[in-house]
Amino acid sequence: MSEQVSQLLDSLRAKAEKGELLYIGENVVRVDSLEKVLGSPVYTADLIPKGTVYAKLFHSSIPHGTIKRMELGGAKSYPGVLGVLTSKDILGLNESSAILPDRQLFADPVVRSTGDILGAVIAETLPAATDAAARIKVEYDLLPAIFDPTESLKPGAIKIHPKGNIARQMKIRKGNVDEGFSKSDIVIEKTYRTQFQDAVPLEPEVGLAIPEDGGVKVIGSMQSPHHTQAAVAKVLKLPPEKVRVIQAVTGGAFGPKSDETPYDVCSTAALAAVKFRRPVYCGMDREDSMVMHTKRHPFVISHKTGVTSDGMLVADESRIIGDTGAYASLGVFVIVRATFHTVGAYEVPNVKADSFLVYTNNTYTGSLRGFGGPQAIFAIESQMEELARKLGIDPLEFRLRNMLVPGKKNATSAVMDASCGLPQCVEKVVTSSGYREKSVRYRNQTGSMRRGLGIALLMHGNSLGPEGNDYGAVHVEILSDGTISVGSGLTEYGTGAISGIMQVASSVLGVPLSRFKLERPDTSKHRESGPTVASRVVVIGGNASKQAAEKLRNRLIPVAAQLLKTDDKDVAMADGLAFDRHNPSVTVRWDDIVDEAYRRGVNMKEEGFFMAPAAPWDQEVGQGTPYVQYTWGALIVEVEVDTDTGYYKVVGAHAAYDVGKAVNPGGVLGQIYGGTVQGLGYAMMEELVHKDGVVVNPNLGDYYIPTSMDIPQEFKTFIVEVPGPLGPFGAKIIAEPPIVLPGAAVRNAVLNATGVSVDDLPVTSEKVLMGSRLKQAPMAP
Amino acid sequence: MKRVITLNVNGTDHPTSVDASQRLIDVLRDDLGLKSVKEGCSTGDCGICAVLVDGKLVNSCLMLAAQCDGRRVTTVEGLADDPTMKRMQGSFIENNAAQCGFCTPAMLMASWDLARHSTDPTNEEIQVAISGILCRCTGYYQIIDSVHEGCKGARR
């Protein structure tokens, strides 16, 4: 045993003696990392059995119309083709929708976007299915189409769905904004726009269905297996228990895999499996995925904001329009989260917000990391920068005067409690970036290369809150060989969250994570645990895991006490041993405790269930406590801009997040790094472009995401820990928040470097150049 | 039209019957069962299908199997006992460099290739070495840390 390991074990035992937390807060090796570095066959496409046939989806070529005729003959007669599935082949309901029943699996007769799936070709090989699908001809009667959500809202606009073009509306009424504006010395009105972003999980959406007696087994890449089970069962007209869904190791998700696309691929594969009595693989390629899955909503957000001359916010009125494309999907909740975050991390005494989730004939949008946060925070943090400049107050100073601290009230009038760690986050990034010195120095720059700093602050509501009951069940079983098996309907798709909930059980039982194994989420074994969204696994699942492990611990302590010949209350457990607190040299091994417990017939299985407390709010005024706790954060980026060309790069980033308690700090940093870089992509380069409803860049050659060459040379990260009331050991969520801030921080940094306000994301070099040219152009007299 | 070629994959000759249009990735994954080779875009943009052909890192979705007749192909599976690869894999695990894991085998191939040429690369050299491979989870920082560590003491 190396000295380092021996020291670690000593410190663990010392902690256990005092009853302190074990493992929590330590960098642990994730339970699933070995299979990943070995390249083991664990993803859906690696599990395709011999004899599998392939489904290729085909989609609409027009943005709005009715199908007049589908010519399938050329595809059906293509060598190797088993058949073509269309709406006529659906056994149950032709529906593939997450919340509102507004979307069909195979569109018929109305198509509302070019991403609408019309059917699938089933063939012996994927090339045959793909070639055959290209032979399908569809004739349409065209209908007028709308691509701009503000047009959709206008009276007299064509109706995209029978009930109209508004899928969801929401409002906030806090105080009286009209009175607030009359008391303001300065009022600014500006409109901000954001773009379609594609999540680009490196593994696109895929599903594999295998016929089983009287039903079907589905293996796929997804966030929410139980929801997929319900969706497939509906399409196949089967009782849910006849559809067994297993989540394979999932190669990235970021939101779209909690939306309807996993339903689409799994339902199609399952339909074909039942029809042709063969295993069927339905996998999207990159283009399919970028056309047919959900993207981040483009938003149009207008803010009218009033401040006093000494820089205190008085009132904010916002109008928020989200383009949900042809279908609502999880957008009905995205718009709610965006609205609750409309004034971000600031106290504004008077707030009025009206938001609209609007249908258009663009391809549809839905859940994507941040869930409305990136759009809302881009708008309000841009507005804050404009206000500071107009007031002539340093942007940091202006933020410090208005930001939320314990005792202040956010947009919903929720009073911030002692768990608000925003000031600590700000302090970290201000010091790290050298903000105070640099912001003064950069005011006097000459020449074409200019530097600038940009700040953005974060409040991010934790828990599903307005989106429904927030619960999770975690099953913990101690096997006879001492291995601890953990299973849940909550899923892992890359963040390490499931290792986090296992780490919680590991801490309670005093057994290192290396003795744990993860069961694949399986609807036939694990209880429905709601969707795996909102970064909630460690917070909600962690509590369930803690509960289950505590119950097991309480059963094992008496066994250990007898083996140690001591009292129950004196037993401590650490690093796979139990010992007497008062006599730590006498130990008994975990495996021996487990052996003895099995001999005595102790129940070694337990399920923990946790539901977050209610988060009540008044729908009429958008007031209340829609979230149980908040994650806080601050980001400062530094840019260098070549004002002759508009080219710029982010040379430094300084990020601090208050995560309550970092269960696995290395994992937390991974989320901060990864989320920030994905957010820098959103800020600087990513835009899925629609032209007349057609996606023109559905590939990674024309849609750019950050490469290793695009990341800031300097990136300083800080974990702040101000415990929250909800998560285990005070943990708050972290997977989503880091993607929220880069949009505004980059935009503000470019503004401070050049004087150019780019109000529509992404902040491309072209926009920076055009902006500086316009500023330099002589004004007309 | 089928044609019999010989691929030397991970040190073993495999006489293989391939279609003229069959890609290297298909032969590796489907015929030889080497599932570490991932497909992310099919257009050579994401790089997660990267393997070594005659010691050179290539996208196996852009190369036809027939082009590899008589050539040496190396994947992560073939380096399971290689000390440099093992150190690199250990370093990826320790530094949390694998999140969803879908780019990990390609990242490891690029990193192993770098480690053969450099035992103490700079950040920039590492960034260039992995620049052809996209990762959507990590923001690359923990991968870069891992490569630094994995390169140390690598056999030249």
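Predicted model: local features only at pLDDT ≥ 70, side-chain atom pairs only at ≥ 80, totals over all residues.
Student: What makes chain A as compact as a globular protein of its length?

Tutor: Let's begin with its parts: chain A has 20 helices and 30 strands. Helices (H or I, at least four residues) and strands (E, at least two) are DSSP runs, numbered from the N terminus. The radius of gyration, taken over C-alpha atoms, is set against the globule rule, which is 2.2 Å times the number of residues to the power 0.38. For 781 residues the rule gives 28 Å and chain A has 27 Å, which is close, so chain A is as compact as a globular protein of that length. Its C-alpha atoms fill a box of roughly 95 × 70 × 50 Å along the principal axes.

Student: And how does chain B do against the globule rule?

Tutor: A compact globule of 156 residues would have a radius of gyration near 15 Å, and chain B agrees with its 15 Å. The box filled by its C-alpha atoms is roughly 45 × 30 × 20 Å, again along the principal axes. Chain B holds 5 helices and 5 strands, in the order β-β-α-β-β-β-α-α-α-α from the N terminus.

Student: Why is Val307(A) called buried?

Tutor: A residue is buried if 20 or more other C-beta atoms, placed from the backbone, lie within 10 Å of its own; with 12 or fewer it is exposed, and in between it is partly exposed. Val307(A) has 27 such neighbours inside 10 Å, so it counts as buried. Val307(A) sits in strand β13 (residues 299-307) of chain A. Across whole chains, 61% of the 781 residues of chain A count as buried, and 56% of the 156 residues of chain B do.

Student: Which residues does Val307(A) touch?

Tutor: Two residues are in contact if their C-beta atoms, placed from the backbone, lie within 7 Å. Leaving out residues up to four places away in sequence, the partners of Val307(A) include Ser184(A), Asp185(A), Ile186(A), Leu387(A) and Leu391(A). Asp185(A) is 122 residues away along the chain, yet the two C-alpha atoms are separated by 6.0 Å. In chain A, 80% of the contacts between residues at least 6 apart in sequence join residues at least 24 apart; for chain B the figure is 60%.

Student: What makes β16 and β30 of chain A edge strands?

Tutor: Two strands pair if DSSP finds at least two bridges between them. The open sheet of 4 strands runs β16-β26-β27-β30 (chain A), with mixed pairing. β16 (449-462) and β30 (714-720) each have a single partner strand, so one side of each is left without a neighbour in the sheet.

Student: How do you know that β16(A) and β26(A) pair?

Tutor: They are joined by 14 bridges and run antiparallel, with β26 covering residues 629-642 of chain A.

Student: What makes β2 and β6 of chain A a pair?

Tutor: Strand β2 (residues 65-71) and β6(A) share 6 bridges in the antiparallel sense, and the cut-off is at least two. Thr66(A), for example, has Asp141(A) of β6(A) as its bridge partner. These strands belong to an open sheet with the order β4-β2-β6 (chain A).

Student: How do you know that chain A and chain B touch?

Tutor: By the contact cut-off, 35 residues of chain B are in contact with 38 residues of chain A. On the chain B side, α2 (83-94), α3 (104-117) and α5 (141-151) each give two or more residues. That side divides into 17 nonpolar, 14 polar and 4 charged residues. Here Ala, Val, Leu, Ile, Met, Phe, Trp, Tyr, Cys and Pro count as nonpolar, Asp, Glu, Lys and Arg as charged, and the others, Gly among them, as polar.

Note on methods:
Residues numbered from 1 in each chain as written. Chains lettered and ligands numbered in written order.
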